[in-house]
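Here is a brief structural report.

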Amino acid sequence: MTVFATTRLPRPDGSPAPEWPLPLNQRNHCDGRELLTGLEPATIPLCIFDPQYRGLLDKMRYGNEGVSRGQRRSGLLQMSEETIGEFIAGISAALIPSGHLFLWIDKFHLCTGVGPWIAQWGLEVVDLVTWNKDRLGMGYRTRRVGEYLLILQKPPKRAKGVWQRHDIPDVVTEKVERIGNVHPKPVNLQARLIEAVTDPGDVVLDPAAGSYSVMTAAHQVGRQFLGCDIAAGS
Ligand SMILES: C[S@@+](CC[C@H](N)C(=O)[O-])C[C@H]1O[C@@H](n2cnc3c(N)ncnc32)[C@H](O)[C@@H]1O
C-alpha cells in the first residue's frame, strides 16, 4: 500500500473524503471516545493526545502538592489508565498506515513505559521530544521544567517520505502561559511537528483538546483540525 504523505491527497484509491463525525476546525464539546468511535478507520495521518494523567501523584507519592494546588487539580477531569488505553485503541484504529500518534507523557510514564497501551495496537516508539518549559514547576525532590512527547508510529514503520522536516531538535524550549487550570502545550513546537508528518489540508486529530493548542498549531501551518473536549468551556 502506498503510504507516502505526498500521495495521500486525493485518497490513493480515489474514494471520496471521509465523513467526519464532528465539524472540523472548531471547538466541540463531547467525550473524545465518542469522537473516536465515529471515525472511519485509517483516515487520520496524525493525532496529538495529551491525557489528563492522574497516575503521577497516585503512583509516586511525591507528596509535593499543597492543599490548594491539590484541590485545583482535582477539579480537572482526570483519566484512569484504562480510559487512556481506550483512547489509544480508538486513535490507533483511526490512523492511516505509517500515521503518527504524538503522545504527551509525564515523568512516570517516561520511566516505566507505555507498553500496556501500545503493544496490542502495533504502535512503535520512534522518537522522543523533550519540551523545556523554561519555567520552574513543582516538585518535592527536583523542580520540573521538562515535559515529554513520545513519537509513536503505526506500521509500517518508516521515516523516508513520511517525516518531512529535518530541522527539529529533540529538546525544544518554548514558554507558554497557563490558562486557568489548563496547561497548554507549546503551539510552535506542535506546529513544526505537525508539518513534519502531514501535508497541507490534512486533518490533525486531538480528542482531549483542552485549550485547543493543537487546533491553533494546525491552522498555523495550513492543516485542518478535528477535536473535542469533555469539559464545557474548553
Ligand atoms: C492535559 S489537558 C489537554 C491540554 C491541551 N493539550 C492543551 O494544550 O491545552 C487534558 C484534557 O482532557 C480533557 N478530558 C478528560 N477526559 C476527557 C474525555 N473523556 N473526553 C475528552 N476530553 C477529556 C480534560 O477536560 C482536559 O481539558
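The notes below take these topics in turn.

## Overall make-up

This is a predicted model. The protein holds 8 helices and 7 strands. It has 234 residues, and 33% of them count as buried.

Take the contacts with a separation of 6 or more: 75% of them join residues 24 or more positions apart.

## Nonpolar core

The largest nonpolar core has 49 residues. Those with the most contacts inside it are Ile-44, Cys-47, Ile-91, Leu-101, Val-204 and Val-214.

Ile-91 shows how such contacts reach along the sequence. Apart from its neighbours within four places in sequence, Ile-91 is in contact with Leu-36, Cys-47, Phe-49 and Leu-101. Of these partners, Cys-47 and Leu-101 are also on the list of core residues with the most contacts.

## Strand pairing

Strand S4 covers residues 146-153 and runs antiparallel to strand S2, residues 95-105. The two are joined by 6 bridges. In one of them, Trp-104 has Leu-149 of S4 as its partner.

S4 also pairs with strand S3, residues 124-132. This pairing is antiparallel too, over 8 bridges. Here Asn-132 has Gly-146 of S4 as its bridge partner.

## Ligand shell

There are 20 residues around the ligand. Which come nearest? They are Asp-50, Ala-208, Gly-210, Ser-211 and Ser-213.

Notes. Residues numbered from 1 in each chain as written. Predicted model: local features only at pLDDT ≥ 70, side-chain atom pairs only at ≥ 80, totals over all residues. Core = buried A, V, L, I, M, F, W, Y, C linked by C-beta atoms within 7 Å. Buried ≥ 20, exposed ≤ 12 C-beta atoms within 10 Å, placed from the backbone. Contact = placed C-beta atoms within 7 Å. Pairing = 2+ DSSP bridges. Helix = DSSP H or I, 4+ residues; strand = E, 2+ residues; numbered from the N terminus. Near = placed C-beta within 6 Å.
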